[in-house]
Amino acid sequence: MVAIGAHDRGGEPLAVARATGSEVIQFFLGDPQGWDPPVFPGGDADKLRAALSEASLEVYIHAPYGINVASANNRIRIPSRKLLSQQLAAAAAVGARGLIVHGGYITGGVDENEGYANWRKAVERIERPIPLLIENTAGGDHAMARGLPALQRLWDAIGDLPEGDGTGPVGFCLDTCHAYASGEDLAGIVDRVKAVTGRIDLVHCNNSRDEFGSGRDRHAAIESGTIDPEVLLDVVRAAAAPVVSETPDPGADITWLRDHL
């Protein structure tokens, strides 16, 4: 059985983990929409790390949504690199197994190759004390990680960069809602993703409120969305990676997954 847990949005990861029966917990280190340096729930990284360890929780940190290292705009790209570096260091300080970040995008009129080149520069220059997990995205024009063709171009740009000796790998977080909304058939998606990235480190098991290919990132409970729940189970089984529920009632979905896997 894979480890399953919840995403905490309110800055109380231990309380959410207890309330939902989580074995995995994902949370932000600060305002997910902000650009301030990371802050730790409770205010002390060492105490938080000890408490998370005592609770036997696998920890993942989600980076702020605004980070966009692909951007051609210096006023976005440079602060994004700085904040991503800070988030990686802070996530390592609390014992996280990885930091999840969205693939970002470029604006219209900019060659997409520039976005992928900027990703390579970021990965080359930013220290990675823990794995950096790039998450696929649901929509947006010129997105760097929307759909398998874009993902292939991203990994062509960064997939050969070294790891080891204190440098964590660049890994992948598969969001089922995002993949479905981007127009990717979930049947067999694990094999197709691994053919590109070589790995899936984490699964965000979310149903979708919207139809296939909608481009909309709106999560739904496992049994109430437009994705067949059995297909979600197939993805989780095939990936054999830790699972995080980012749905309105993660406790119910965690129980459902355990009952059906």
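## Cavity, pocket and fold of a predicted model

By the grid rule used here, the count comes to 1 cavity of 30 Å³ or more. On a 1 Å grid over the protein atoms alone, a cavity is a set of points where a 1.4 Å probe fits but cannot get out, whereas a pocket is an open set with protein on both sides within 12 Å along at least five of seven lines; lining residues have an atom within 4 Å of a point. Grid points are joined across faces, edges and corners, and a volume is the space filled by probe spheres set on the points.

This is a predicted model, in which local features need pLDDT of at least 70 and side-chain atom pairs count only at pLDDT 80 or more, while totals for chains, interfaces and linings use all residues. Residues are numbered from 1 along each chain as its sequence is written, and side-chain values use heavy atoms, with hydrogens and water left out.

The two spaces are set out below, with lining residues sorted by class: Ala, Val, Leu, Ile, Met, Phe, Trp, Tyr, Cys and Pro count as nonpolar, Asp, Glu, Lys and Arg as charged, and the others, Gly among them, as polar.

| Space | Volume | Lining by class |
|---|---|---|
| Largest cavity | about 60 Å³ | 7 nonpolar, 3 polar and 1 charged residues |
| Largest pocket | about 450 Å³ | 6 nonpolar, 12 polar and 6 charged residues |

The lining of the largest cavity includes Asn136, Leu148, Phe172, Ala179, Glu184 and Val193. At least two lining residues come from each of helix 5, strand 6 (170-175), helix 6 (176-182) and helix 7 (189-197). Helix 5 gives the largest share, 3 residues. Helices (H or I, at least four residues) and strands (E, at least two) are DSSP runs, numbered from the N terminus.

The largest pocket has 24 lining residues; nearest its centre lie Tyr65, His102, Thr137, His178 and Asp217.

The protein chain as a whole has 9 helices and 10 strands. Along the principal axes, the C-alpha atoms fill a box of roughly 45 × 45 × 30 Å. Of the 261 residues, 53% count as buried; buried means under 20% relative accessible area, exposed over 50%, and partly exposed in between (1.4 Å probe, protein chains only). The chain exposes about 11,200 Å², of which carbon and sulfur atoms supply 46%. Contact means heavy atoms within 4.5 Å, and among contacts between residues at least 6 apart in sequence, 75% join residues at least 24 apart.

Ile100 is placed in strand 4 (residues 98-102) and is buried, with a relative accessible area of 0%. Beyond its neighbours within four places in sequence, Ile100 is in contact with residues including Gln26, Tyr60, Leu133, Cys173 and His204. Between Ile100 and Gly213 there are 113 residues in sequence and 23 Å in space, C-alpha to C-alpha.

Two residues other than glycine have positive phi values. His142, with phi near 60°, sits in the loop between strand 5 (132-135) and helix 5 (147-158), and is partly exposed at a relative accessible area of 30%. Ala240, with phi near 50°, belongs to the loop between helix 8 (229-239) and strand 10 (243-245), and is exposed at 56%.

Key. Accessible areas come from the Shrake-Rupley method with a 1.4 Å probe; for residues, only the protein chains shown count as cover.
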